[in-house]
Amino acid sequence: MYHYDDYDRALVFERVAQFRDQVERFMGGELSEEEFLPLRLQNGLYMQKHAYMLRVAIPYGTLGARQMRTLASIAGDYDRGYGHFTTRQNMQFNWIELAQVPSILERLAEVEMHAIQTSGNCVRNITTEAFAGVAADELLDPRPLAEILRQWSTVNPEFLFLPRKFKIAICSAEQDRAAIMMHDIGLYLYRDVDGQMLLRVIVGGGLGRTPILGLQIREGLPWQHLLSYVEAVLRVYNRHGRRDNKYKARIKILVKALGIEAFAREVEEEWQHLKDGPAQLTDVEYERVASAFVPPAYRALADTDLDFGTRLSENPAFARWVSRNVQPHKVPGYSSVVLSTKPGISSPPGDVTAEQMEAVADWSEQFGFGEIRIAHEQNIVLPDVPKADLYGLWCLACEQGLGCANIGLLTDIIACPGGDFCALANAKSIPIAQAIQARFDDLDYLHDLGEISLNISGCMNACGHHHIGNIGILGVDKNGSEWYQITLGGSQGKNSALGKVIGPSFSAAEVPEIIERIIATFVCYRESEESFVDTLQRIGLEPFKEGVYPKALEVSA
């Protein structure tokens, strides 16, 4: 993994010192709340319902054992003993005291971490998939280019005050696990027939109040032009994006208003002033960064292991976990393991205790090379586990509450913190997630149902990505009461789709029953081992609506 050079180190520590001075001046009355607001936001600090929330960047979802232990220590020393992993591969601490933030940032800086640009109207944390570098279906490792983007966009003065927040994702695998079509800029890295690295550029994606799938504006962009082309997109957005209405300020609104052809022409014109200039990447610069992502010292292992096979045949629970939580690896004899942060009612989705973080750090060294990944789905990934060690890891994960065999299943719920913490939320997310998990607590039944994604957002900001869940739940306000709108048919990946609202919203108490009715309809109409999405596409929404709404309600609606 990448380690800071002298420039990185100097920048991060100087930002810590700068913010320490800003906090002291604010607390001393020298800065108003209005003046302090943009300063704290660009250091990842929000004011939530009950306390400050600090959002820590985990660039492209990769961190080391030492960094995970530091997050654990912050959770124990400054928070309430836990942290929350987000869909943007960040960690949030929800109970932070303002006076302690500079000390927390300094502790992060000591292990090459920061909270810079995890909020505010700037380029946010660059993301990619959690299996980058090890996925069996990967074309190229996208992390070197993700790191180059991170370095270029961090404290880039031209793009620190954009019309609205800006999110970039990159992937390079047969299966898009980075949801690039949902980003302001989505990048797909591949090779042409001559082996040259090229990029497909997608712009204007985003969820929130107006969900839109991104559209392609460039095919076959040579990788050397990555920064100049991204800069051209950002310049067009910075120049034309709306600043009079934050709900219409994202690039997706600009792309929709101009039309994709006109927007692409604007970008190409801007790019003519930038291409072949100082931002053009060189082989030397790429190799400098890529050298940090060389494969670790893998052992020569057989792709089959007798003891592993015996464990599978003798222990159904272990076999079930392997079938859901273990992913193929490009190196024979190794696997990537997903540790579920969704055990059910015992813990909110994405929450991890300090003790669990310490354990994960230990396992990353015991069973791998000290590297950990955070997935878009809020789970934890150990990327390099020998197959012979899977049983031992599973036993330890179960002891720590991280061994639930539900990855990709209905209870692997993506959820934002919702109204329990967020000042923007219309409704709670966590109790809804836990009520659904309690209703569907039979793992055998869940495995029979197959893959179903269920995502929950507490408001239209869509931090829980409800639009792209096969089943989406959105918290809405009705005269001061919490209600929940249901969408069906969303999906992420190369066949991305936005879910459609099925009808009037439901009270919190009704939601688990409604989900049960949706699943019952699926089971009724399902053919053979057909997936939920395939069944829905085949029969349409109407049978699901009929299963959910009483006839009287349909008439009144």
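In this predicted model, Phe-36 sits within helix H2, which covers residues 33-41. Its relative accessibility is 0%, so Phe-36 counts as buried. Leaving aside residues up to four places away in sequence, the residues touched by Phe-36 are Phe-19, Gln-22, Val-23, Phe-26, Leu-31 and Leu-98. Arg-25 lies eleven residues from Phe-36 along the chain, and the C-alpha atoms of the two are 9.2 Å apart.

The protein chain has a mean pLDDT of 96, with 99% of its residues at 70 or more. Residues 552-557 are a stretch to treat with care: pLDDT stays under 50 there, and the model gives this stretch four contacts beyond four places in sequence. Where pLDDT is low, predicted coordinates should not be read in detail.

The chain is divided into four parts: domain 1 (6-110), domain 2 (134-291), domain 3 (306-400) and domain 4 (414-548). Between domain 3 and domain 4, the centres, taken over C-alpha atoms, are 26 Å apart. Contact between these two domains involves twelve residues of domain 3 and 13 residues of domain 4. About 1,200 Å² of area is buried between domain 3 and domain 4, and carbon and sulfur atoms contribute 55% of that area. The interface of domain 3 and domain 4 is also crossed by two salt bridges. Elsewhere in the list of charged pairs, Arg-324 and Glu-451 are joined through their side chains by a salt bridge with an N to O distance of 2.9 Å.

Turning to the whole model, the salt bridge count comes to 39. One of these pairs is Arg-69 with Asp-362, whose closest N and O atoms are 2.8 Å apart. Because Arg-69 belongs to helix H3 (residues 65-78) and Asp-362 to helix H12 (residues 354-366), this pair ties together parts that are 293 residues apart in sequence. Both partners are partly exposed, Arg-69 with a relative accessible area of 25% and Asp-362 with 38%.

Helix H3 takes part in another such link. Asp-77 and Arg-107 meet through their side chains in a salt bridge of 2.8 Å, N to O. Here Asp-77 is in helix H3 and Arg-107 in helix H4 (residues 101-109), so the pair ties together parts that are 30 residues apart in sequence. Arg-107 is partly exposed, at a relative accessible area of 24%.

A further salt bridge is formed by Glu-268 and Arg-218, with 3.0 Å between the closest N and O atoms. Distant parts of the chain are linked by this pair, as Glu-268 is in helix H8 (residues 260-272) and Arg-218 is in strand S9 (residues 215-222), 50 residues apart. Glu-268 is partly exposed, with a relative accessible area of 23%. Salt bridges with shared partners also bring Glu-158, Glu-231, Arg-235, Arg-239 and Glu-270 together in one network.

Finally, the cysteines. The count of disulfides is zero. For Cys-404, the closest cysteine sulfur belongs to Cys-398 and is 8.7 Å away, which is too far for a bond. Cys-404 is buried, its relative accessible area being 18%. For Cys-459, the closest cysteine sulfur is that of Cys-422, and at 5.8 Å this too is too far for a bond. Cys-459 has a relative accessibility of 11% and therefore counts as buried.

Conventions: Residues numbered from 1 in each chain as written. Predicted model: local features only at pLDDT ≥ 70, side-chain atom pairs only at ≥ 80, totals over all residues. Heavy atoms only, no water. Helix = DSSP H or I, 4+ residues; strand = E, 2+ residues; numbered from the N terminus. Buried < 20%, exposed > 50% of the residue type's maximum accessible area, 1.4 Å probe, protein only. Contact = heavy atoms within 4.5 Å. pLDDT = per-residue confidence, 0-100. Disulfide = S-S within 2.5 Å. Domains from an automatic or database assignment. Buried area = accessible area lost by both parts, 1.4 Å probe. Salt bridge = Lys/Arg side-chain N within 4 Å of Asp/Glu carboxyl O.
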